[in-house]
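Please look over the model shown here before reading the notes on it.

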Amino acid sequence: MGLVKHLPKITALAIAIPVLCGCQMGYLMKSGYGQMKLLSSRVPIDEALQDPQLEESKKQKLRLAQEAREYAEKELHLKPTKNYTSYVELGRPYVTYVVSAAYRWELKHYQWSYPFMGKMPYKGYFNEPDALEEENELQKEDLDTYLRGVSAYSTLGWFNDPILSSMLRYDDYDLVNTIIHETVHATLYIKNSADFNERLATFLGNKGAEQFYLKKEGADSPTLNQIKNENVDNKAFSQFISSELKNLEKWYKDLPPSERSEEKRQERIRQIQENFTKDLQPQLKTENYKKFPEAKLNNARLLLYKTYMQDLGDFERLYELLGKDYARFIQECKSLEKSEDPAVALKELIRSLELHAKRE
């Protein structure tokens, strides 16, 4: 999925975790109330499909989500759960609002710590005014911030996650991709490695959705052709943004404190967008990234690209080395669970497999 095109639908992990732990009693109580209210609103999918008040377009999306869920478990061998077997009509466009923050002169997440989950680079609220209040407090600490509405999230097995009406606004392909993406999270989650977890789910969501439509509609499917074009663009953008973020990170480190100014910083960030317009945009097959040159970027928003898109080529290389075997790929990634840095361990795994392939 193109990150810019789908920015409002970026999913969040374990928004409900404050029900279990929260540092502030007010936040704990509000989050707990929001999660319980959501869960109490669930109805079984079969019941929702029989509801005469539910639009047929939504019923079609619910049926598609069930197909995707079954495919993820039976064909892709992801973990079977009771997720997405119920439905919630929210009556609003987003289920929750997520605040991210980053340091101004360092390409580094501001993070929150949660038991079981470890450190996470965002904090979720069921109420938008509460999220805005959090964002304002972070800005007082001279941090870059980014607030976004989220249409789907995973509680990593703490609860049976429902399909939300906010998810039914997606295009069919995006809905399928999201179901697979979230099922990857339920299958494999590495503590204190939010970026790695999201990149893994992004990569496998893309691959899984492509396989789903290949089986459902055949090799000549227009949908499949669009998916392939999007995946080509995602790969190109991943390579582009990975290089740009590494260069920006070095620029921050090398810039003497005496030369720091907000004007210079914004000029350096705009350079990334200019490079995109000049070097990458003419090569793209889709319009998924067409809004990138006009996006209001800061470190908090740029780090989203790092979280979801940086170094996806490593996953692609492993996938190819394993003969594009989805289930085997998952098993190999599970071997990284105890690594202090799974991204580094992934590179080591790739080198080991490449050496083994050369010997053969």
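The report below takes these topics in turn.

## Basis of the report

This is a predicted model, in which local features need pLDDT of at least 70 and side-chain atom pairs count only at pLDDT 80 or more, while totals for chains, interfaces and linings use all residues. Residues are numbered from 1 along each chain as its sequence is written, and side-chain values use heavy atoms, with hydrogens and water left out.

## Packing of helices 6 and 9

Helix 6 (residues 194-217) packs against helix 9 (residues 299-309) at an angle of about 60°, and their axes are 6 Å apart. Helices here are DSSP runs of H or I with at least four residues, strands are E runs of at least two, and both are numbered from the N terminus. Helix 6 is therefore oblique to helix 9; angles under 35 degrees count as roughly parallel, over 145 as roughly antiparallel, 65 to 115 as roughly perpendicular and the rest as oblique.

On the helix 6 side the contact (heavy atoms within 4.5 Å) involves A194, D195, E198, R199 and T202, which meet K306, T307, Y308 and M309 of helix 9. The residues of this contact divide into 3 nonpolar, 2 polar and 4 charged.

An open sheet with mixed pairing is formed by 3 strands in the order 2-3-10. Strand 2 (43-44) and strand 10 (163-164) are at the edges with a single partner strand each, so one side of each has no neighbour in the sheet.

Strand 3 (residues 86-88) pairs with strand 10 in the parallel sense over 2 bridges; pairing requires at least two DSSP bridges between the strands. Y87 has I163 in strand 10 as its bridge partner.

## Salt bridges

The whole structure holds 23 salt bridges, each defined by a side-chain nitrogen of Lys or Arg within 4 Å of a carboxyl oxygen of Asp or Glu. One of them joins K74 and E70, with the closest N and O atoms 3.1 Å apart. K74 and E70 are 4 residues apart in helix 3 (residues 56-74), which means a separation of about one helical turn. K74 is exposed at 55% relative accessibility, and E70 is partly exposed at 41%; buried means under 20% relative accessible area, exposed over 50% and partly exposed in between (1.4 Å probe, protein chains only).

K347 and D314 also form a salt bridge, at 2.6 Å from N to O. This pair links helix 12 (residues 342-359), which holds K347, to helix 10 (residues 312-321), which holds D314, across 33 residues. K347 is partly exposed at 33%, whereas D314 is buried at 17%.

Definitions and conventions: Axes fitted to C-alpha atoms, helices over the stretch in contact; angles between N-to-C directions. Nonpolar A, V, L, I, M, F, W, Y, C, P; charged D, E, K, R; others polar.
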